[in-house]
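Please keep the sequence and the structure in view while reading.

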Amino acid sequence: MVDIDKATELAKQVKFVILDIHGILTDNTLYYTDDGVKSECFSLVDRIGCMALQEGGIGVSFLTSKVSRAMDAVGEIYKVPEELRWGTGAKIAKLDEYEKESGLIDQDFCYVGDEMIDLGVMERVGFPVAPSDGAIEAKSVAAYITQAGGGRGVVRELAEFILKAQGKWEAVVQKLA
Amino acid sequence: MSFDKDMALAKEKAARVKLFVHDVHGVLTPNTFFCDVEGRRRYSFWHMDGFGDLSLFANGIKVAFLDSTSVDGEGQFRAKELKLDKLYFNVQDKPAKLKELQEQLGISKEETACIGCEVTDLAIMKSSGFAVATADAIADAKAIADFITSAPGGRGPIRETCEFILRAMGKWEAWVEKVTKMGYK
């Protein structure tokens with residue numbers, strides 16, 4: 001069970017949000033055409049979430065082990081900078097690398113993950129988050145579980161939670177509207 | 001959260017409408033997009049929402065797209081397809097555009113209807129005499145709405161709103177009869 005007071009305290013410290021893609025920005029469903037081209041469904045509500053976080057001075061990156069041009073096509077419209085669209089299965093090594101580069105520490109990060117491959121990073125960062133339909137293992141290490149399932153507005157909901165915890169939500173909404 | 005709305009008041013307000021405005025994503029669409037591995041994005045719309053907008057248009061009510069959410073021009077494609085692109089506007093400042101439109105067309109706040117779902121819709125909803133929220137709108141939008149559709153975005157909220165407006169005006173039955181006999185375009 002999520003302890004909201006504790007989650008709010010942890011959310012106050014967040015300076016950077018790392019998003020897994022599959023199961024977080026999507027509901028895990030894969031669509032194939034008859035000639036084998038794969039598509040996935042994303043949420044435009046999460047675009048608002050990503051933009052709101054960045055408007056509030058919080059960095060946003062993608063971290064996925066499966067790389068395709070979809071990451072860029074989504075990153076473009078979520079306004080996630082190209083250099084923060086990370087494609088690697090070595091997620092912990094990537095966190096180490098970015099901490100070195102940015103000077104941020106574990107406590108500054110929020111990581112949103114739903115599966116086994118995410119557990120290592122989730123155990124490291126200050127504010128680990130899972131979607132409501134994430135794997136039980138991910139939910140059990142999460143400090144916060146969104147009501148939304150993957151692909152259904154996880155980032156929008158998380159952005160509002162973090163920015164409200166930091167007292168920035170109203171100002172960000174004014175800017176977006 | 002549940003919101004009780006005064007249906008008699010909603011009807012009264014709907015009956016005055018001369019201009020209906022809406023954004024694109026979250027209303028005409030379920031706020032989603034499909035992206036393939038080659039980076040092509042696709043958007044889904046609800047067929048009968050087009051019928052809704054056209055029903056109002058055919059009954060003398062102006063329909064305007066205040067599109068602040070399209071990514072690849074999909075809102076404009078849809079407006080063009082419906083031949084409603086004369087009042088299609090790609091804008092970031094929706095409240096300013098609505099004010100300008102109301103002045104240009106000589107239509108008052110009380111004669112304006114708006115359907116919305118997000119924080120970015122609150123201002124134009126407040127500038128409309130008849131404000132509508134989708135079933136999956138944020139709580140703040142539902143709170144200020146006069147009417148909440150049973151359909152979520154991308155599943156027919158425009159069709160539902162337009163029927164509500166035409167029924168409030170007492171024009172629905174005649175319109176249905178006309179469409180039944182002659183179709184619509």
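At what angle do α2(A) and α8(A) pack, and how far apart are their axes?

## Helix packing in chain A

Helices α2(A) and α8(A) pack at an angle of about 115°, and 9 Å separates their axes. Axes are lines fitted to C-alpha atoms, for helices over the stretch in contact, and angles run from 0 to 180 degrees between N-to-C directions. Helices (H or I, at least four residues) and strands (E, at least two) are DSSP runs, numbered from the N terminus. The crossing of α2(A) and α8(A) is right-handed, meaning that the near helix is turned clockwise from the far one by less than a right angle.

On the α2(A) side, A:Ile48, A:Met51, A:Ala52 and A:Glu55 meet A:Val172, A:Lys175 and A:Leu176 of α8(A). Contact requires C-beta atoms, placed from the backbone, within 7 Å. By class, this contact of α2(A) with α8(A) has five nonpolar, no polar and two charged residues. Ala, Val, Leu, Ile, Met, Phe, Trp, Tyr, Cys and Pro count as nonpolar, Asp, Glu, Lys and Arg as charged, and the others, Gly among them, as polar.

## Basis of the model

The model is predicted: local features need pLDDT of at least 70, side-chain atom pairs count only at pLDDT 80 or more, and totals for chains, interfaces and linings use all residues. Residues are numbered from 1 along each chain as its sequence is written, while chains are lettered from A and ligands numbered from 1 in the order in which they are written.

## The sheet of chain A

Six strands of chain A form an open sheet in the order β5-β4-β1-β6-β7-β8, with parallel pairing; two strands pair if DSSP finds at least two bridges between them. Strands β5 (85-87) and β8 (144-145) of chain A stand at the edges with a single partner strand each, so one side of each has no neighbour in the sheet. Helix α7 (residues 154-165) of chain A packs on the sheet and touches β1, β6, β7 (127-130) and β8 of chain A. The direction of α7(A) makes about 155° with that of β6(A).

Strand β1 (residues 16-19) of chain A runs parallel to β6 (residues 109-112) of chain A, joined by four bridges. A:Phe16 stands opposite A:Phe109, and A:Ile18 has A:Tyr111 as its bridge partner. Three bridges pair β6(A) with β7(A), also in the parallel sense, and there A:Val112 stands opposite A:Val129.

## Contact between the chains

In chain A, 21 residues are in contact with 18 residues of chain B. The elements giving two or more residues to this side of chain A are β3 (38-43), α2 (44-55), α3 (69-78) and α8 (169-176). This side has 14 nonpolar, three polar and four charged residues. Five bridges join β3(A) to β2 (residues 32-36) of chain B in the antiparallel sense, with A:Ser43 and B:Thr32 as bridge partners.

Terms used. Contact = placed C-beta atoms within 7 Å.
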